[in-house]
Amino acid sequence: MLGANAGDIIGSRFEHARIKSKDFELFNRQSVFTDDTVLTIAVADSLLHKIPYQKKLREYFHYYPVAGYGVRFRRWARSPKPTPYGSYGNGSAMRVSPIAWHYSSLPDVHEGALQSAEMTHNHPEGIKGAQAVAAAVYLARNGSSKDEIKSYIEEQFSYDLSSNIKAIRENYGFEVSCQESVPQAIIAFLESVDFEDALRNAVSLGGDSDTLACMAGGIAEAFYGGIPTEIAEETLSRLDERLREIYTQFTL
């Protein structure tokens, strides 16, 4: 899960910047957590304490009301009677990584990702995006090769993962749909040589940088067996006490 948080924080200052390079400083004073981290940890809290996803997502929104949420999510979180709003945005996929660490079978991961997505993103593409990222994290943490992960995601979710970072980077812009960001984030991981490289690949696409790096980082952490110490320490230092506490409890 910390890999997703690291990606969010590192990518946060490049959102809308259309950066097209892998050559950048990982952290500076503008590197902050956003809604990606907040809602990822909300999902972890839900799993830890067996509290419905909907309740925790809304609770964390009120803890962090200015973390950069989309308009429709803010409306949902503030509504006295929240209902799913048919979104296929990547908000369902960026928050899903804890589910892949919590469950011990792929069918359970698929079901957990479905349930976490459909609270808000009940469009088929919103659900598919969440399930694809969760499945990639689960396969990665259980020893699957990159070829095996790629084949599974292509076969199960019909995503085209045949492109490469250089080709995507040339024409890619700010995309927030699952169908136009989840495959790109997975490719950023597949083409990486280590955890840091996965984040640099994702940010260098010049799109929704924090979310792309959040998704890629969640998969990369699982595949590479963790996060470099310096990146982990920098990431944790930027979380507040509440977020760090849930992260710590979840990883015990």
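This is a predicted model: local features need pLDDT of at least 70, side-chain atom pairs count only at pLDDT 80 or more; totals for chains, interfaces and linings use all residues.
Residues are numbered from 1 along each chain as its sequence is written, and side-chain values use heavy atoms, with hydrogens and water left out.

The protein chain contains 15 helices and zero strands; these elements are DSSP runs numbered from the N terminus, with helices being H or I of at least four residues and strands being E of at least two. Along the principal axes, the C-alpha atoms fill a box of roughly 45 × 40 × 35 Å. Of the 252 residues, 58% count as buried, where buried means under 20% relative accessible area, exposed means over 50%, and partly exposed lies in between (1.4 Å probe, protein chains only). Among contacts with a separation of 6 or more, 72% are between residues 24 or more positions apart; a contact means heavy atoms within 4.5 Å.

The spaces within the structure come next. Rolling a probe the size of a water molecule over the atoms shows where empty space is left. On a 1 Å grid over the protein atoms alone, a cavity is a set of points where a 1.4 Å probe fits but cannot get out, whereas a pocket is an open set with protein on both sides within 12 Å along at least five of seven lines; lining residues have an atom within 4 Å of a point. Grid points are joined across faces, edges and corners, and a volume is the space filled by probe spheres set on the points.

The largest pocket holds about 460 Å³ of space. Helix 2 (35-49), helix 4 (71-78), helix 5 and helix 13 each give two or more residues to the lining of this pocket. The lining comprises 28 residues, and Asp 35, Gly 70, Asn 90, Gly 91 and Val 176 lie nearest the centre of the pocket. By class, the lining of the largest pocket has ten nonpolar, eleven polar and seven charged residues. In this classification, Ala, Val, Leu, Ile, Met, Phe, Trp, Tyr, Cys and Pro are nonpolar, Asp, Glu, Lys and Arg are charged, and the others, Gly among them, are polar.

One cavity of 30 Å³ or more is counted, and the volume of the largest cavity is about 30 Å³. Its lining includes Ala 4, Met 94, Val 133, Cys 214 and Ile 219. Helix 5 (91-94), helix 8 (124-141) and helix 13 (209-224) each contribute at least two lining residues, and helix 13 provides the largest share, with four. The lining of the largest cavity has nine nonpolar and two polar residues, but no charged ones.

A disulfide is a covalent bond between the sulfur atoms of two cysteines; here the criterion is a pair of cysteine sulfur atoms within 2.5 Å. The whole structure contains zero disulfides. Cys 178 is in no disulfide, the nearest cysteine sulfur being that of Cys 214, 12 Å away. For Cys 214, the closest cysteine sulfur is that of Cys 178, and the distance of 12 Å is too far for a bond. Cys 178 is buried at 0% relative accessibility, and Cys 214 is buried at 1%.

Ser 12 belongs to helix 1 (residues 2-12) and is buried, with 12% relative accessibility. Not counting residues up to four places away in sequence, Ser 12 touches Gln 30, Ser 31, Val 32, Thr 34 and Asp 210. Asn 28 lies in the loop between helix 1 and helix 2 and is partly exposed at 21%. Leaving aside neighbours within four places in sequence, Asn 28 is in contact with Arg 13 and Arg 238.

Backbone geometry draws attention to two further positions. Most residues other than glycine have a negative phi. Arg 18, however, has a positive phi near 55°; this residue is in the loop between helix 1 and helix 2 and is partly exposed at 46%. Lys 50 also has a positive phi near 55°. Lys 50 is placed in the loop between helix 2 and helix 3 (53-63) and is exposed, at 75% relative accessibility.
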